[in-house]
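Welcome! Please have a look at the model below before reading on.

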Amino acid sequence: MSSSAPPTSLHLASLTSRMDALPDWLTGNADLLIGVPLRIALIVVIAALIRLVAERAITRVVRRILEPADPDAAPRRGTRGPLVLQRDNGRAGERRQQRARTIGSVLSSIVTIVIAVTGVAMILDQIGIALGPLLASAGVVGLAIGFGAQSLVADYLSGMLIMVEDQYGVGDSVDLGEAVGEVEHVGLRLTQIRDLNGGLWHIRNGEILRVRNDSQEWARAVLDVSVAYDSHLDAVYQVLEETGRSMREDPEFAGTLLEEPAVWGVQSLDADGVVVRVCVKTVPLKQWAVTRELRRRVKDAFDGAGIEMPFPQRAVWLRQEDGKRSDLTGTLTSPQ
């Protein structure tokens with residue numbers, strides 16, 4: 001009967017063999033245990049540093065937008081900032097803050113998403129997960145979402161471009177086609193316009209094809225004055241020029257009119273009179289008030305100079321008792 005080794009001896013031998021094999025396993029899997037975690041940690045640290053640098057750059061851009069413009073400095077050529085907003089610090093501050101918040105939020109989100117997706121992709125590559133099928137699946141899903149939400153994407157892209165290019169902002173008087181009024185809110189997807197009757201329009205940015213902004217840089221007050229055909233045009237020009245000059249020298253309108261009013265001359269020859277056009281460059285949003293005041297002053301000046309406004313000219317026909325129409329006998333003119 002053969003003798004067998006004690007069980008404890010067998011266990012010790014097996015444990016000893018396993019311990020002898022452990023260094024070999026550690027040596028063979030050192031990259032998996034040490035190299036991969038170190039590389040993953042390095043990817044996370046680098047991504048965090050890039051995110052921090054990008055956040056500081058975005059903060060600097062936002063701070064640059066929030067810096068108020070110097071009202072005493074002459075505007076640079078090509079400046080897009082409306083002068084009326086530079087005079088109204090409250091409205092200008094609101095507009096700058098809205099642009100800064102929106103642009104900063106969008107840029108921050110874009111940078112975070114790009115860095116996060118890139119970092120996750122690099123980490124999955126280190127773990128050993130194949131990225132090809134994932135990228136293919138993501139591409140198919142992205143294509144489906146793009147087709148389904150292309151109008152939404154167009155709205156957001158258009159809103160971003162509107163803010164970056166400063167096409168219009170809060171407080172501007174704009175014409176977007178059917179919606180005409182004052183801008184109350186500019187978002188990435190929608191623009192809100194308050195019209196003259198108090199109605200609030202919600203317009204998708206992707207549907208805005210053209211914009212007329214009456215609030216940027218300067219405006220022009222245009223006044224068409226009709227005078228009788230027997231008026232002396234040189235005298236009319238002189239009265240209009242003197243009226244415009246006196247209005248420019250008025251302290252109430254000294255800061256509103258940016259240049260001397262100019263008489264452009266005869267605009268048209270209508271059936272009732274001669275139309276003469278007067279124009280003057282004004283600060284934004286003041287052209288309508290200037291036109292109304294200039295119209296009143298021109299009326300008073302014409303009354304003082306004896307220049308008559310034209311009356312409608314209508315032919316008068318007389319019908320005889322036999323029913324036959326007689327020839328033209330006269331016209332309706334201004335009362336004596």
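This report covers a sheet, the helix across it, the salt bridges and a surface patch.

## About the model

This is a predicted model, in which local features need pLDDT of at least 70 and side-chain atom pairs count only at pLDDT 80 or more, while totals for chains, interfaces and linings use all residues. Residues are numbered from 1 along each chain as its sequence is written, and side-chain values use heavy atoms, with hydrogens and water left out.

## A three-stranded sheet

Let us start with an open, antiparallel sheet whose three strands run in the order β6-β8-β7. Its edges are β6 (219–227) and β7 (262–269), each of which pairs on one side only. On average, neighbouring strands here are turned by 25° against each other, direction ignored. Strands (E, at least two residues) and helices (H or I, at least four) are DSSP runs, numbered from the N terminus; two strands pair if DSSP finds at least two bridges between them.

Between β7 and β8 (residues 274–282) there are six bridges in the antiparallel sense. Within this pairing, A262 stands opposite C279 in β8.

Helix α8 (residues 287–305) lies across β6 and β8, at about 30° to β6. Such angles run from 0 to 180 degrees between N-to-C directions, with axes fitted to C-alpha atoms, for helices over the stretch in contact (heavy atoms within 4.5 Å).

R296 meets E293 at 2.6 Å, N to O; the two residues are three apart in α8, about one turn. E293 is buried at 16% relative accessibility, whereas R296 is partly exposed at 44% (buried means under 20%, exposed over 50%, partly exposed in between, with a 1.4 Å probe and protein chains only).

K299 and D303 meet at 2.5 Å, N to O, and they sit four residues apart in α8, about one helical turn. Both are partly exposed, K299 at 38% and D303 at 47%. Through shared partners, salt bridges also join D250, E293, R296, R297 and D300 into one network.

## Elsewhere in the structure

The whole structure holds 14 salt bridges. One of them links R204 and E207 at 3.1 Å, N to O; R204 is partly exposed at 28%, and so is E207 at 48%.

On the surface, L42, I46 and I50 form a nonpolar patch with about 270 Å² of accessible area together. L42 belongs to helix α2 (residues 30–66). Patch members have over 30% relative accessible area and no salt bridge, with like charges joined within 9 Å and nonpolar side chains (Val, Leu, Ile, Met, Phe, Trp, Tyr) within 5 Å; areas come from the Shrake-Rupley method with a 1.4 Å probe, and for residues only the protein chains shown count as cover.

Methods. A salt bridge is a side-chain nitrogen of Lys or Arg within 4 Å of a carboxyl oxygen of Asp or Glu.
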